[in-house]
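Here are my notes for you to read alongside the structure. Have it open and follow along point by point.

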Amino acid sequence: MENFIKQAAMDLIRSRYAIALTGAGISTESGIPDFRGPSGVWTKDPEAERRAYERFPQFTVDPKAYWEERLDSPSLLGDLDNIMPNPGHYALSALEKMGRLQCVITQNVDNLHQRSGSQYVVDYHGNTFKLRCFSCNVRYAQEAFDLELLRRENELPPMCDQCGGIVKSDTVHFTEPIPSDVVTKSVEEASRCDLMFICGTSAVVYPFANLPRMAKYGKDEATVIIEINAEPTPLTDDRISDYLIQGKTGEILPRIVEEVKRLADPH
Ligand code: NAD
């Protein structure tokens, strides 16, 4: 592992435009369960995964019932208000401050990259602290609507004050299309980068899992692709990643930061 950490730091220093893709694994050390790891939400409760497939069809057919059910259901991920970023998140924000990392594209909905100080974050599957107009994609802070009041006054679903469209949670449900602005930004970043970290994702959720393939095969210039994950993934097996640093993101990413500092300033 030591050699791979040194290699990753050298690759990063040589890179022109590095980005990071992240998944639920980077937040497990903050106490948020992942979905498909050994203690994951779906691993332990496959019925919860089946129910999750019902959310988006319900929104399209009956947005009022969608909101009522959402207000009555506790988050599968726990109390995200009181969860803190961990050393993995802080390492990525440190790399951004050092000018070594340009962007984080995360599948996570937990807002922890932003809370750790990262400035340029693309929430690929939305952000649980935001709502989004399903027609025009405008995002609202969740406090912009008093959802309980709307429920009491029989005025759910919330409506967009920009275009009159129906507002849903910003989080992207199974079978829901990725918002078009997010697709555009992510494809731009994956096409532009010459180094991609992929941290804590099983890489089985599409279209997110296409981004590494796009970086690898979508352009003439070679892209160095480095996975940091507790276990091998299809990206490892299909040799999309150049190498896997196997272990915890909260331990490996800070060590890469230290190594970059050491190499950049050997004194
Ligand atoms: P996943 O659950 O499918 O896979 C997580 C991967 O991370 C697994 O391979 C696991 O072995 C690995 N892992 C777990 N802890 C790790 C650690 N400390 N260090 C390194 N690797 C670790 O997650 P996914 O690929 O992101 O897909 C799940 C989907 O569910 C995502 O799209 C996301 O939107 C959503 N989700 C979000 C959160 C969150 O916001 N924190 C949590 C669970 C699920």
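**Notes on the ligand and the sheet**

1. Let's start with the ligand: 28 residues surround it, and the closest are Phe35, Gln107, His125, Thr201 and Ser202. Keep in mind that this is a predicted model. Sorted by class, that shell holds nine nonpolar, 13 polar and six charged residues.

2. The side chain of His125 has an N or O atom 2.6 Å from an oxygen atom of the ligand. A polar backbone atom of Ala24 sits 2.8 Å from a ligand oxygen, and a polar side-chain atom of Asp110 is 2.8 Å from a ligand nitrogen. How much of the ligand does the protein bury? Taken alone the ligand exposes 850 Å², and 94% of that is buried by the protein.

3. Next, have a look at the sheet. It is open and built from six strands, ordered β3-β2-β1-β7-β8-β9, with parallel pairing. Which strands are at the edges? They are β3 (121–123) and β9 (243–246), each of which pairs on one side only. Ignoring direction, neighbouring strands are turned against each other by 20 degrees on average.

4. Zoom in on one pair: β7 (residues 195–199) and β8 (residues 224–229) run parallel and are joined by five bridges. Here Leu195 stands opposite Val224 in β8.

5. Finally, two helices. Helix α1 (residues 2–14) packs on the sheet and touches β1 (18–22), β7, β8 and β9, with its direction at about 125 degrees to that of β9. Helix α10 (residues 210–217) also packs on the sheet, touching β1, β2 (103–106), β7 and β8, and its direction makes about 160 degrees with that of β7.

Terms used
Residues numbered from 1 in each chain as written. Predicted model: local features only at pLDDT ≥ 70, side-chain atom pairs only at ≥ 80, totals over all residues. Heavy atoms only, no water. Near = heavy atom within 4 Å. Polar contact = N/O pair within 3.5 Å; in protein donor to acceptor, adjacent residues only side chain to side chain. Areas by Shrake-Rupley, 256 points an atom, 1.4 Å probe, with all protein chains shown as cover. Nonpolar A, V, L, I, M, F, W, Y, C, P; charged D, E, K, R; others polar. Pairing = 2+ DSSP bridges. Helix = DSSP H or I, 4+ residues; strand = E, 2+ residues; numbered from the N terminus. Axes fitted to C-alpha atoms, helices over the stretch in contact; angles between N-to-C directions. Contact = heavy atoms within 4.5 Å.
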